[in-house]
Amino acid sequence: MSGNQYKNVTHCIFDMDGLLLDTETLYSEAFNRIANRYGKEFTWEHKAKIMGFKTKAVAQATIEMLDLPMTVEEFETEIVQIYHELFPSANLMPGAERLLRHLKENNVPIALATSSNKENFKLKTQRWTELFDLFDHKVLGGSDPDVVQGKPAPDIFLVAAKRFPDNPDPSMCLVFEDAPNGVKAALSAGMQVIMVPDPRLPKHYIENPTLIINSLEEFQPEVFGLPPYSK
């Protein structure tokens with residue numbers, strides 16, 4: 001696609017799970033530790049429906065989809081223990097560090113907009129605190145009172161935009177997402193959105209992102225009027 005199909009932007013907003021951090025495999029392992037006990041399997045078809053949901057909504061939806069004989073509270077208690085074991089091992093996704101450092105070095109305002117709560121955020125990022133400190137601000141949707149509704153509602157991205165000191169118009173913000181619900185949320189917020197879907201995501205969940213790329217390594221900032229990488 002040629003660059004003139006895209007509008008120039010001034011600010012960038014990033015999702016975290018599956019985009020900057022390779023956590024989707026860890027989530028699948030965690031959920032299947034519970035599901036397998038009841039002879040059930042948590043698949044990518046299930047995952048696609050709940051990616052981007054807030055924590056409590058994830059528990060509720062998973063119990064309903066898999067017909068698990070447990071309460072939301074029981075599921076949450078158990079999954080949190082598994083998260084404590086798995087999340088600290090989360091690795092960065094290809095191209096994530098290079099892109100964040102490039103934008104920061106070129107004074108492009110960047111924000112994080114993740115559905116994670118504070119506790120899970122700390123667990124996942126403890127090996128990468130220096131990198132995540134590059135963000136101008138972070139909106140942790142699972143804990144932030146201003147994020148009333150989770151993705152696919154636009155709340156989290158609108159809150160992230162408002163918290164930039166210059167309060168940019170949503171149309172000046174470019175969102176990076178891997179999840180279908182996140183793409184919907186960004187578009188509902190009036191923003192352009194780059195989707196980097198996991199190759200395992202069923203294709204029928206991909207709906208109208210501004211641009212699809214296979215990896216953050218493929219992103220060309222100049223296409224959206226951002227400073228290009230130096231060769």
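User: Where does Asp67 lie?

Analyst: Asp67 lies in the loop between α3 (55–66) and α4. Keep in mind that this is a predicted model.

User: Why is Asp67 called exposed?

Analyst: Look at the relative accessible area, which is 59% for Asp67. Exposed means over 50%. Asp67 passes that cut-off, so the label is exposed. The backbone of Asp67 also has a positive phi, near 55 degrees, in a residue other than glycine.

User: How do you know that Asn208 is exposed?

Analyst: By the cut-off of over 50%. Asn208 has 64% relative accessibility, so Asn208 counts as exposed. Asn208 sits in the loop between β5 (192–195) and β6 (211–212). Its phi is positive, about 55 degrees, although Asn208 is not a glycine.

User: What makes Glu24 count as buried?

Analyst: The relative accessibility of Glu24 is 8%. Buried means under 20%. The value falls under the cut-off, so Glu24 is buried. Glu24 belongs to helix α1 (residues 24–35).

User: Which residues is Glu24 in contact with, leaving aside neighbours within four places in sequence?

Analyst: Glu24 is in contact with Asp17, Gly18, Trp44, Lys47, Met51 and Asp178.

User: Why is Asn117 called buried?

Analyst: Asn117 has a relative accessible area of 17%. That is under 20%, so the label is buried. Asn117 is found in the loop between β2 and α6. Not counting residues up to four places away in sequence, Asn117 touches Thr55, Gly142 and Ser143.

User: How many residues apart in sequence are Asn117 and Val9, and what is their C-alpha to C-alpha distance?

Analyst: They are 108 residues apart in sequence. In space, Asn117 and Val9 are 28 Å apart, C-alpha to C-alpha.

Now for the helices.

User: At what angle do helix α4 and helix α6 pack?

Analyst: Helix α4 (residues 72–86) and helix α6 (residues 118–125) pack at about 25 degrees. Their axes are 9 Å apart. Angles under 35 degrees count as roughly parallel. That makes α4 roughly parallel to α6.

User: Which residues make the contact of α4 and α6?

Analyst: Helix α4 brings Val80, Tyr83 and His84. Helix α6 brings Glu119, Asn120 and Leu123. By class, the contact has three nonpolar, two polar and one charged residues.

User: Which residues of helix α5 are buried?

Analyst: In helix α5 (residues 96–105), Ala96, Leu99, Leu100, His102 and Leu103 are buried.

User: How do you know where the buried residues of α5 fall around the helix axis?

Analyst: Look down the axis of α5. The buried residues fall within an arc of 160 degrees, so they line one face of the helix. In general, an α-helix has 3.6 residues a turn, so residues three or four places apart point the same way.

User: What do the buried residues of α5 pack against?

Analyst: They pack against β1 (11–14), β2 (110–114), α7 (129–132) and β4 (173–177). Just after α5 comes Asn107, with a positive phi of about 60 degrees.

User: Which residues of helix α9 are buried?

Analyst: In helix α9 (residues 180–188), they are Pro180, Asn181, Gly182, Val183, Ala185 and Ala186. Their cover includes α2 (44–50), α8, β4 and β5. Just after α9, Gly190 takes a positive phi of about 80 degrees.

On to the aromatic rings.

User: How many aromatic pairs are there?

Analyst: The count is 13 aromatic pairs.

User: Why is the pair of Phe14 and Phe176 called stacked?

Analyst: The ring centres of Phe14 and Phe176 lie 4.5 Å apart. Rings pair if their centres lie within 6.5 Å. The planes of Phe14 and Phe176 are at 5 degrees, and under 30 degrees counts as stacked, so the pair is stacked. Phe14 lies in strand β1 and Phe176 in strand β4, so the pair ties together parts 162 residues apart in sequence. Both Phe14 and Phe176 are buried.

User: What makes the pair of Phe132 and Phe135 tilted?

Analyst: The centres of Phe132 and Phe135 are 5.9 Å apart, with 40 degrees between the planes. Stacked needs under 30 degrees and edge-to-face over 60; the rest count as tilted. With 40 degrees, Phe132 and Phe135 are tilted. Both are buried.

User: Which residues do ring pairs link into a cluster?

Analyst: The cluster links Tyr6, Phe14, Phe121, Phe132, Phe135, Phe176, Phe219 and Phe224.

Conventions. Residues are numbered from 1 along each chain as its sequence is written. This is a predicted model: local features need pLDDT of at least 70, side-chain atom pairs count only at pLDDT 80 or more; totals for chains, interfaces and linings use all residues. Side-chain values use heavy atoms; hydrogens and water are left out. Axes are lines fitted to C-alpha atoms, for helices over the stretch in contact, and angles run from 0 to 180 degrees between N-to-C directions. Helices (H or I, at least four residues) and strands (E, at least two) are DSSP runs, numbered from the N terminus. Angles under 35 degrees count as roughly parallel, over 145 as roughly antiparallel, 65 to 115 as roughly perpendicular and the rest as oblique. Contact means heavy atoms within 4.5 Å. Ala, Val, Leu, Ile, Met, Phe, Trp, Tyr, Cys and Pro count as nonpolar, Asp, Glu, Lys and Arg as charged, and the others, Gly among them, as polar. Buried means under 20% relative accessible area, exposed over 50%, partly exposed in between (1.4 Å probe, protein chains only). The arc is that of the directions from the helix axis to the C-beta atoms. Rings of Phe, Tyr and Trp (its six-membered ring) pair if their centres lie within 6.5 Å; planes under 30 degrees apart count as stacked, over 60 as edge-to-face and the rest as tilted.
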